[in-house]
Amino acid sequence: MILSIVGYGDPVLRKVGENITKDYPNLDELIANMYDTMYSASGVGLAAPQVGLPIRLFVVDCAPFADIEDNTPEEKEFLSQYKRTFINAKIIKEEGEEWAFNEGCLSIPDVHELVVRKEQITIEYCDENFTKYTETINGLAARVIQHEYDHIEGILFTDKLSSLKKKLIAKRLKNIMEGKVFTDYKMKFATKKGR
């Protein structure tokens, strides 16, 4: 089932997510719905707060990034198969060079800006079966994870922009809050009933 994506300005996007257990109601169904919602909106990641749930859960599928021109054959291969469910994730380390990449967000449609992040992360998480993992990931997959991880910490990519950039996009953010934006996926807006 395709869920509505919560738009910029909704308080749920600012909550730090709660850890969940295996007994979380309808968890398998929620994860399946989050993948369906992400794919239908052409996203590469989706966090539970973006569908209105302040819990530590996000999904990623980096396959759309596999075809970026500068990728090495190894990166293409890795990204084309990097699909994960992250539950109760904790980033332990961010390291390496900082690099900028043009990021967007399904909760903030039509806003894309350069965001600087570290190139490598080490993250602990549980998968959908509550099997624990510790992984070190770099490059675009690390960036997608960092972006989604920020969501479960109540942080948006726009928080990482300079004050000048924030001023320049303020009107667009206000329009999103008021539902004055068109998307080809279902959204719920902070000051408007969903469509």
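## Arg117 and Glu103

In this predicted model, Arg117 and Glu103 form a salt bridge through their side chains, at 2.7 Å from N to O. The two residues sit 14 apart in the chain, with Arg117 in strand 5 (residues 108-126) and Glu103 in strand 4 (residues 83-105). The pair links distant parts of the chain.

Both ends fall under the 20% cut-off for burial. Arg117 is buried at 5% relative accessibility. Glu103 is buried too, with a relative accessible area of 5%.

## Lys165 and Glu113

A salt bridge also joins the side chains of Lys165 and Glu113, at 3.5 Å from N to O. Here helix 4 supplies Lys165 and strand 5 supplies Glu113. The partners are 52 residues apart, so this pair too links distant parts of the chain. Lys165 is partly exposed at 37% relative accessibility. Glu113 is buried at 10%.

Shared partners build a network elsewhere. Salt bridges connect Glu103, Arg117, Arg143, Asp150 and Lys160 into one network.

## Arg56 and Glu153

The structure holds 11 salt bridges. One of them brings together the side chains of Arg56 and Glu153, at 2.6 Å from N to O. Both residues lie in loops: Arg56 between strand 2 (45-47) and strand 3 (57-61), Glu153 between helix 3 (139-152) and helix 4 (163-177). The pair therefore ties together parts that are 97 residues apart in sequence.

Arg56 is buried, with a relative accessible area of 7%. Glu153 is partly exposed, at 24% relative accessibility.

Terms used. Residues are numbered from 1 along each chain as its sequence is written. This is a predicted model: local features need pLDDT of at least 70, side-chain atom pairs count only at pLDDT 80 or more; totals for chains, interfaces and linings use all residues. Side-chain values use heavy atoms; hydrogens and water are left out. A salt bridge is a side-chain nitrogen of Lys or Arg within 4 Å of a carboxyl oxygen of Asp or Glu. Helices (H or I, at least four residues) and strands (E, at least two) are DSSP runs, numbered from the N terminus. Buried means under 20% relative accessible area, exposed over 50%, partly exposed in between (1.4 Å probe, protein chains only).
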